[in-house]
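Could you walk me through this structure in my viewer, one selection at a time? I would like to know what to click on next and what sits there.

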Amino acid sequence: MSRYFTEDHEWVDVEGDTGTVGISEFAQGQLGDIVFVDVPEAGKALTKGGDAAVVESVKAASDVYAPVSGTVTEGNPALADNPALVNEDAEGQGWFFKLTLSDPSELSSLMDETAYAAFVAKQ
Amino acid sequence: MSEADLIDDTGEEPAILSLPLDAWHRARGGRMVEFAGYHMPVQYEGVMPEHLWVRDSAGLFDVSHMGQLLFRTEDGADLDGALESVLPGDIAGLKPGRQRYSLLLAEDGGILDDLMVTRLPDENPFDVQGLYMVVNGATKFDDIAYFLDKLPEDVLINHMEDQALLALQGPKAVDALARLVPGVRDLVFMTAAPFEWDGKPLWIGRSGYTGEDGFEISIDGEYVEALADALCAQPEVKPIGLGARDSLRLEAGLPLYGHDLDETITPVVADLGFALSKRRREEASFPGATRILAEREGGPAVKRVGLRVEGRQPVREGAAVLDAAGGEVGRVTSGGFAPSLNAPIAMAYVPAALAATGTRIQLSQRGKVHHATVTAMPFVPHRYVR
């Protein structure tokens, strides 16, 4: 399994043609206390860079973009009752949705963990 | 400083200014943002814990960006009458050491700013006989220009740019502050008096913008860091950022100028009719009186209301209020998640027919419909010490 990151601070874990998407530890720290997450429903077609989810902190709403194109297979049901999971475990249990990748070649434009760590260090 | 001083040497872009506590905020982990032309802390440890700390204990806010003004006249000219030409409050009836919330009104009755005005007692740190006023940071230069335009030339205005302003808010604010300044226990809500700390003069009023008991403390910017340190050394006190200031005032049902109030809104539409003093209504002598008194008599066509939003997702400023047919009939002007209620709340302008408490309405945000119920404000009860 490989993990990739975007410059908008989403991550995607890829196993075969299945991806699991969330926001990075850095991003959750910037957002602060998360009070609501609007995740996409199964069947929704997403385009790389397009709107995929909305994450709401006390002070602001932020769009979450699809790191790759594909069709949503599942939104994380745990976030409805416990959006704070994103604060507690952004890159684990706080995942947003899973999707079937339609164009795995898009992954080549994303950062690996080392590159993302360097990117965040400059923020 | 004039407007021109805000333009730096390189061109038209206004420079972002730093306030006396700038380094203090940064040293304490404040995340700085631009607000009203200044670098200001939006949060330290996080909006949610800071908000709850203020409701439970006491929080220190730096509000030095706000405009602190002194008004006086020479030769006994009529200062109160002059101020009453632009404010709808009973200034003449304001006793020394008493504060009043008032509104700066345009000629047509639109709200140019909301403010606090206090009659200075004979002894005060400013050595001025007259009125002390605090206006919003984002509007202070426009306010001063308006005062200069509208008030007679014998009214002298001093903008105290070197004076810092701290707000200490929360149920334990009095315990913390009284340890440093014992006399503050004698103040009640909406009164102010001169005090001293460490030999430095203070001007302290018992008021604030959170719905909690608390104080606003004016001190020379040169000494404010030492006072902020002394206050935060009290176990009850933590520094609090602008983020929690906004969520606290929203829960308290208090409007924010530039969001819930602007020059297109009158006091009655804003549900701030209490700011129209009885004598001033009877005299119908304030700007826009004909229009405002007609709205007061017949009821305004639209009105500012509070909303409890169903579900968990906040509905924020700019969301549309919909009628039964789905047409836009109003706007949300403030909205967010209320930490003390663990639920989303909002303020909106709605048609009179939808303004009654208990009315269910629909809101539209980013293509999604939300349901809400008109709710009496404040959302969280005020706990002022009267």
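Helices (H or I, at least four residues) and strands (E, at least two) are DSSP runs, numbered from the N terminus. This is a predicted model, in which local features need pLDDT of at least 70, side-chain atom pairs count only at pLDDT 80 or more, and totals for chains, interfaces and linings use all residues. Residues are numbered from 1 along each chain as its sequence is written, chains are lettered from A in the order in which they are written, and side-chain values use heavy atoms, with hydrogens and water left out.

**Stop one: A:Lys59.** Select A:Lys59, in the loop between β6 (51-57) and β7 (61-65) of chain A. An unreviewed UniProt entry annotates A:Lys59 as "modified residue: N6-lipoyllysine"; such annotations may be inferred rather than shown by experiment. A:Lys59 counts as partly exposed, at 34% relative accessibility (buried means under 20% relative accessible area, exposed over 50%, partly exposed in between; 1.4 Å probe, protein chains only). Now show its contacts (heavy atoms within 4.5 Å). Leaving aside neighbours within four places in sequence, A:Lys59 touches residues including A:Gln30, A:Leu31, B:Arg31, B:Gln43 and B:Arg316.

**Stop two: A:Trp95.** Move along chain A to the loop between α3 (85-88) and β9 (97-101), where you will find A:Trp95. A:Trp95 is buried, with a relative accessible area of 14%. Beyond its neighbours within four places in sequence, its contacts include A:Trp11, A:Val21, A:Glu74 and A:Leu79.

**Stop three: the cavities.** On a 1 Å grid over the protein atoms alone, a cavity is a set of points where a 1.4 Å probe fits but cannot get out, and lining residues have an atom within 4 Å of a point. Points are joined across faces, edges and corners, and a volume is the space filled by probe spheres set on them. There are two cavities of 30 Å³ or more.

Select B:Met116, B:Tyr132, B:Trp203 and B:Glu216, which are among its lining residues. β11(B) gives the most to this lining, with three residues.

For the second largest cavity, with about 40 Å³ of space, select B:Pro41, B:Phe61, B:Asp62, B:Val63, B:Ile240, B:Gly241, B:Leu242 and B:Arg245. β3 (58-62) and α7 (242-251) of chain B are the elements that give two or more residues to this lining.

Note on methods:
1 Å grid on protein atoms, 1.4 Å probe; cavity = no way out; pocket = protein on both sides within 12 Å on 5 of 7 lines; lining within 4 Å.
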